[in-house]
Amino acid sequence: MASGLVVRKNQYYDSVFLMRVNRRLLEVRGVQRSAVLMATPANKKLLAELGFRDPQIDAAQPIDLIVAVIAETPQIVEEVLGRLDEWLQPPEEGAAETRLHRLEEALARKPNANLALISVPGEYAAREARKALEGGLNVFLFSSNVPVEDERRLKEFAAQRNLIVMGPDCGTSLLGGAGLGFANAVRRGPIGVIGAAGTGIQEFTCQVHHAGFGISHAIGTGSRDLSDEIGGLTTWAALEALENDPRTEVIVVLSKPPGARTLSRLLARLQACPKPVIGCFLGVSSRDRPAGANFEIVRTIDEAVQGAIAVLTGQRQPFPLELSPEERERAAQEKARWGAGQKYLRGLFAGGTLCYQAQQIFQGAGIRVYSNAPLAPVHRLAHPDESREHTVVDMGDEYYTTGKPHPMIDGTVRRERIRSESRDPEIAILLLDFILGYGASRDPVGDLMDAIVEARETVRRRGGALTVVASICGTDGDPQDLALQTGLLNEAGAVVFTSSARAALFCSELLKQH
Amino acid sequence: MDIRQEIEKANEEAVRRMVQGEPVLVDIAPAGEVIPGMEGKLVTHAGPPLPWKEMCGAMKGAIIGQVLYEGWAQSADEAVALLERGAIRLEPNHHHQTVGPMAGTISPSAPVWVVENRAFGNRAFCRQVESHQQFGNYSEEALQGLRMWRDLWAPTLRKALHHIGGLNLKPIITQALQMGDELHNRHSAASSLFANAMAVAMVEADLPRSELLPTLQYITQHNLIFLGLAMAAGKALADPAMNIPYSTIVTAMCRNGVEFGIRVSGLGEEWFTAPAPVVDGLYLPGYRAEDAGLDMGDSAITETVGWGAFTIGGAPGILSLVGGTPEEALAYSREMRKITAATHPVYRMPILGFAGIPIGIDIRKVVQTGISPIIDTAIAHKEPGHSIIGAGLVRAPLECFKKALIAFGRKYQLG
Amino acid sequence: MATFAELLEGPVVAINLGLSMFAESLESQGVEVVQVDWTPPAGGDLELAELLDQLL
């Protein structure tokens, strides 16, 4: 048995608070008796009754704190009295109650964090990304408008530390099944993908899922990574990681055409890859560029999906895309209902890559299409709001999203545009894409449904028929309910595809038969 | 050592000094007897320095009142003439180890609370708290309150205080914080505890009934009497934390109705100022927001040491000042933790699970987060001649903290 | 600290700075995430923010 006490001068505590401290002391193994109290005359008497006697107690004033302990060993007494400040410290408040405002606070709360998702305004994004990298975090940088020099510096810094910067302007990644940003609920599997564009990755991964296969990781690089200024720093890091990842059996690289210097370096890098690689650089075809035994270049996302599956199954699928006889029949039926003067396509896209890919399919079919984001400058619309002949509009473009929500989140801007297009007597086809998944609108089809029905009615009243062609990018695991979204479109008389490329192909068919 | 480590070390020291202070009321004496430099025709006032012609209405009214109270002039016009001529010196309280509520004016014959910090040996002073002259009302009736203080209440309390050899304020402050006071706008508990202590002392000191009774009435009915003590205590606690090289801790916040000023430990006695903000307030019957002057007073010394709006979560009695719900009040106290260096080991808020009050405002954190210190305060009229018109909440202007941070970077030679 | 290779081995433990919907969607996927209600540093003054980076 051992005892000890501490008197703290001029430290007043509420008696109920001290009782709580005392209860905690008594829970310490080996503590037999303890007293935590203010040195009032009554309390001094109590201390005497408990067996604590000491001249220090006699000298103490009512505003002095006394902590007295009797325990099995002197070590335990020492242990308790030596850590008095800790005992007097109240338990921290529940973590959820305090909101965090800074990255540093979050790092302190989650020291095991391994990733920062950053979606702050572009001018601040590099600073936060830098802090995240310094804190040992990989970075998913959703923010756009990050200066290219900052992007380069961040990626170089990340490379030194074996970290990665996905972005800036990175919409989607899937890391071991966890969807970052805008992503779909996709089955896990052996296909690894590296993509510069978010909707491109979504379209690819959803189609892999529909085909019954799965994704190991999908790594977004940001839209500029393969430009010559950046030189593919993130793409290289992602390639190396997927090469070393035991779950990944085939690697797909998706991008708009890279910068000329970077493209030749990339092709060499891909040819040297020990795992099979499919490259899809929308617009760069295998006819233009060499490929190797283990390396294939394709033109569309759908072909990339087929290519990856072919590697896994060892079975060739029919290349390139073709419509089925039923689809051709449907096209003919739709066209038969058009009125005189109806001849033009109007495509309103939420997904930038899907808009780009559609233009390539039209170009391949010899159809001239205008756009606010054209393949060639000569096909640029004079004003994004004014369609001309066949037009496809990227409604996720800055012009539409500055200060307003992206069409993937909110249907307002597309709804208005559908209404105004329907007033054009020459419109024959309305082409739309719907992107489901985490981060997207809870009801993408529902958001536009009124406008679609209204547009069809407007054209019908003019004595014609509006063909609505839609593609849905989504899986049966997505929160929006793929079956419900598809059902709504079918009910409204739309022709629905699960592939944006096939939807574009269907439109080409309609226009070719003209 | 890395500059960040220097700063952390310096801030730890600054907070240690603030936390270890032992404020004791040792005297109630005429300013001219105790305040260093309080000589001749000097009126000290709240906030950073400001020339007479730039002062706000309430401050001018209070200074006129102080001049009349001293008998340096016989009329308001005469007082103004003296002031315009510069015949009466005007200096900030803070330049004299002193603080004062609202206009905060002090002149040599006015008795002040004298609080000694027993841990460090420094003293600080604060004037009487009332709701008329310090708000700019210089009427005969308003000045009567100052004279009663000078001639009857202060001398009586002084005798009683001398009899008991001083009054330890720390236990009163600790208990009051746990009884629903935040020690800026609510002092109901602290004032009662103070009156209890002094009542016994006055009886023991065997004072004549003619002094005892009216003084007892004064201290038992004045539920803000402790504000003067809290402010003097706050100043006494904050001063030892001044002048610690590299420290980014705020050692004073004050306002003169035109400018808001702060001092920072590692930057010595320089003031970093910005225009005084508008108080978001509630008004007494007959007054409206249009009548209000801008933020004023040295009373933000209470927030500087972690009381006032920093601990308003513990003061349910004045919830109406912050919108009415306990959640809002608690949110302020939690928010202040984001810009402070520590929590106080003894001064605690039961409602936050006995968490210590946030203490040690760090200018780096203020600028980083954009969260400005919150202050609960009384409101004076924009024109001279009025008593208190309301009370409310105000944020210290971020600009002061930005200026201080830039000066810090310059002083310690950082890009 | 976790390298990119370690991140791919999982599980993801994320800090979300900015749009809270990204944190919500991670939570709905059962991913550990902590939300930061980010505000511009130094009230949006980037020069001050740089100074702060040296001091804090």
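The model is predicted: local features need pLDDT of at least 70, side-chain atom pairs count only at pLDDT 80 or more, and totals for chains, interfaces and linings use all residues. Residues are numbered from 1 along each chain as its sequence is written, while chains are lettered from A and ligands numbered from 1 in the order in which they are written. Helices (H or I, at least four residues) and strands (E, at least two) are DSSP runs, numbered from the N terminus. Two residues are in contact if their C-beta atoms, placed from the backbone, lie within 7 Å.

- Two packed helices are described by the angle between their axes and the distance between the axes.
- Axes are lines fitted to C-alpha atoms, for helices over the stretch in contact, and angles run from 0 to 180 degrees between N-to-C directions.
- Helix H13 (residues 325–336) of chain A and helix H19 (residues 500–512) of chain A have axes that come within 9 Å and cross at roughly 55°.
- H13(A) and H19(A) are therefore oblique to each other (angles under 35 degrees count as roughly parallel, over 145 as roughly antiparallel, 65 to 115 as roughly perpendicular and the rest as oblique).
- The crossing of H13(A) with H19(A) is right-handed (the near helix is turned clockwise from the far one by less than a right angle; anticlockwise is left-handed).
- On the H13(A) side, Glu327(A), Arg328(A), Ala331(A), Glu334(A) and Lys335(A) meet Phe506(A), Glu509(A) and Leu510(A) of H19(A).
- The residues of this contact between H13(A) and H19(A) comprise three nonpolar, no polar and five charged (Ala, Val, Leu, Ile, Met, Phe, Trp, Tyr, Cys and Pro count as nonpolar, Asp, Glu, Lys and Arg as charged, and the others, Gly among them, as polar).
- Helix H9 (residues 198–210) of chain A packs with helix H12 (residues 301–313) of chain A at an angle of about 45°, the axes being 9 Å apart.
- H9(A) and H12(A) are therefore also oblique to each other, and their crossing is right-handed.
- Gly200(A), Glu203(A), Phe204(A), Gln207(A) and Val208(A) of H9(A) meet Ile301(A), Asp302(A), Ala304(A) and Val305(A) of H12(A).
- The contact of H9(A) with H12(A) has five nonpolar, two polar and two charged residues.

**Nonpolar cores and buried positions**

- A residue is buried if 20 or more other C-beta atoms lie within 10 Å of its own, exposed if 12 or fewer, and partly exposed in between, with C-beta atoms placed from the backbone.
- A nonpolar core is a set of buried Ala, Val, Leu, Ile, Met, Phe, Trp, Tyr and Cys residues joined through C-beta atoms within 7 Å.
- The largest nonpolar core holds 156 residues, and Ile118(A), Val139(A), Val252(A) and Ile15(C) have the most contacts inside it.
- Beyond its neighbours within four places in sequence, Val139(A) contacts Ala116(A), Ile118(A), Ala129(A), Ala132(A), Leu133(A), Val165(A) and Met166(A).
- Val250(A), in strand E11 (residues 250–255) of chain A, counts as buried with 23 C-beta neighbours inside 10 Å.
- Outside four places in sequence, the contacts of Val250(A) include Pro190(A), Ile191(A), Lys275(A) and Pro276(A).

**Contacts between chains**

- Chain C places 31 residues in contact with 39 residues of chain A.
- On the side of chain C that touches chain A, helix H1 (4–9), strand E1 (13–17), helix H2 (20–28) and strand E2 (32–36) of chain C give two or more residues.
- That side of chain C divides into 22 nonpolar, seven polar and two charged residues.

**Backbone geometry**

- Most residues other than glycine have a negative phi, and most peptide bonds are trans.
- The peptide bond from Gly167(A) to Pro168(A) is cis, with omega near 5°, and Pro168(A) lies in the loop between strand E6 (165–166) and strand E7 (172–175) of chain A.
- Asp169(A), found in the loop between E6 and E7 of chain A, is not a glycine but has a positive phi of about 65°.
- Asp169(A) is buried, with 22 other C-beta atoms within 10 Å.
- The peptide bond from Gly10(C) to Pro11(C) is cis, with omega near -5°, and Pro11(C) is in the loop between H1 and E1 of chain C.
- Tyr246(B) is not a glycine, yet has a positive phi of about 75°, and counts as buried with 22 C-beta neighbours inside 10 Å.
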